[in-house]
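Please keep the sequence and the structure in view while reading.

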Amino acid sequence: MQIIYNLFISLTEFLLPIAGIFSHKMKLFVKGRKEIFQRLKSEIQVGEKYIWIHAASLGEFEQAVPVIELLKEKYPGHRILVTFFSPSGYENKKKHPLADVITYLPIDTPGNARKFLELVKPELVFFVKYDIWPNFLQEIKQRGIRSFLISGVFRKDQVYFKSYGSWMKKALQSFEHIFVQNQESKELLEKNGFNNVSLSGDTRFDRVSRQLTYDNKLEILENFLQDELCIVAGSTWPEDEELLLEYINSAPAKVKFIIAPHEIKAEKINDFRKKLKVSSVLYSETSSQEPKDFQLLIIDNIGLLSRIYSYADIAYVGGAAGNTGLHNILEPATFGIPIVIGENFEKFPEAKRLQQLAGLYSVASAAELMEIFEKLVKNQDFRKQTGMIAGHFINSNTGATRVISTYLSERP
């Protein structure tokens, strides 16, 4: 099977430039990878020690942040290299101050793996969650480099546990140690012969809990809200916005809304604004217009959402109304506010757990969303109790980074 995989990967690498003609995202994917080795030759400093962290995209990078902070403290003499698989991760974080070098991950061919590792020569490697690349991992193991998987999540229907997936299981066995988010993942791995597994939890809880210690003040939001009740809809897609529209258009005048779309595209934002019956303003327009005169604020830039949630009384988190994937519910939960999402979240264990605790509500229609929003808006006790559950959920699940730190200290 690995021979077939390598043939497929090589063919994909050959055909990617063609795909880039038809897709802006694929164009970024291809362009970024053309310059990888040239950039590494210029940015990797010979004689320096490196720690390599690989994250598929933005969400995985957020999981990596507390571990990167730990590594910088524990290994102050090492430089940090971060790689991304997706353009959305790389383009948003390519200048992040925590890393010394940030680049795309080359396509997973045996030749690319050898060339990359020969240039970087990392002493420690950390992959995040589930981005498993067999050629890189096998080459890492052959070179005797210590490697770890953090915040891993496993299900019995994954390829590692199928009769035809032994070659991917072998790749997984390349890690020195695997830190998993839940007991189910630990038991599944142990049942399949892994004895190098620790239950650590999800490092995202450590990441989001630190947001409470930062300065989250945004004067534009304070001017906009004027102490009115605030509903923040974060990382929304068109399907989410359709779900929200009826309630927004019928909400009491004293309820204010902030919407932060996942994709900031002018035409999509304009289409949404045409359907609104309430007054709306873009974040980029607030320098020339008085924010307090509007009922809905649309965030048309990036990097503010985690701070914006600190102003919310209720949060709607996008992605689950369609099939794009639920976005981060932990960011709003850390501020102790109730959370509402769409119906498609089966692959997101943190959402399922928080729903069971009654700190999160899932809706399948605009009518269901209207019902839960009205209850949260009108019943202050219910709103505070639901938010308290969400906040406690974060506080009781921190500590994953500490488990990783303990392991590294005991096995230097």
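## A pair of strands

In this predicted model, H54 has F127 in β4 as its bridge partner. The two strands concerned are β1, which covers residues 49–55, and β4, which covers residues 122–128, and they pair in the parallel sense over 5 bridges. Strands of a sheet pair through backbone hydrogen bonds, and this pairing can be either parallel or antiparallel.

## The sheet and a helix across it

Strands β1 and β4 belong to an open sheet of 7 strands, whose order is β3-β2-β1-β4-β5-β6-β7 and whose pairing is parallel. At the edges are β3 (101–104) and β7 (197–199), each of which pairs on one side only, and from one strand to the next the twist averages 20°.

Helix α3, made of residues 36–43, lies across β1, β2 (78–84) and β3, and the helix runs at about 170° to β3.

Rolling a probe the size of a water molecule over the atoms shows where empty space is left. How many cavities of 30 Å³ or more does a search of the whole structure find? The search finds 1, and the volume of the largest cavity is about 100 Å³.

The lining of the largest cavity consists of T236, W237, P238, E241, I259, P261, E263, K268, I269, F272 and I298. Two or more of these lining residues come from each of α12 (238–250), β9 (255–261) and α13 (266–274), and α13 gives the most, with 3 residues. By residue type, the lining divides into 7 nonpolar, 1 polar and 3 charged residues.

How values were computed: Residues are numbered from 1 along each chain as its sequence is written. This is a predicted model: local features need pLDDT of at least 70, side-chain atom pairs count only at pLDDT 80 or more; totals for chains, interfaces and linings use all residues. Side-chain values use heavy atoms; hydrogens and water are left out. On a 1 Å grid over the protein atoms alone, a cavity is a set of points where a 1.4 Å probe fits but cannot get out, and a pocket is an open set with protein on both sides within 12 Å along at least five of seven lines; lining residues have an atom within 4 Å of a point. Grid points are joined across faces, edges and corners, and a volume is the space filled by probe spheres set on the points. Helices (H or I, at least four residues) and strands (E, at least two) are DSSP runs, numbered from the N terminus. Ala, Val, Leu, Ile, Met, Phe, Trp, Tyr, Cys and Pro count as nonpolar, Asp, Glu, Lys and Arg as charged, and the others, Gly among them, as polar. Two strands pair if DSSP finds at least two bridges between them. Axes are lines fitted to C-alpha atoms, for helices over the stretch in contact, and angles run from 0 to 180 degrees between N-to-C directions. Contact means heavy atoms within 4.5 Å.
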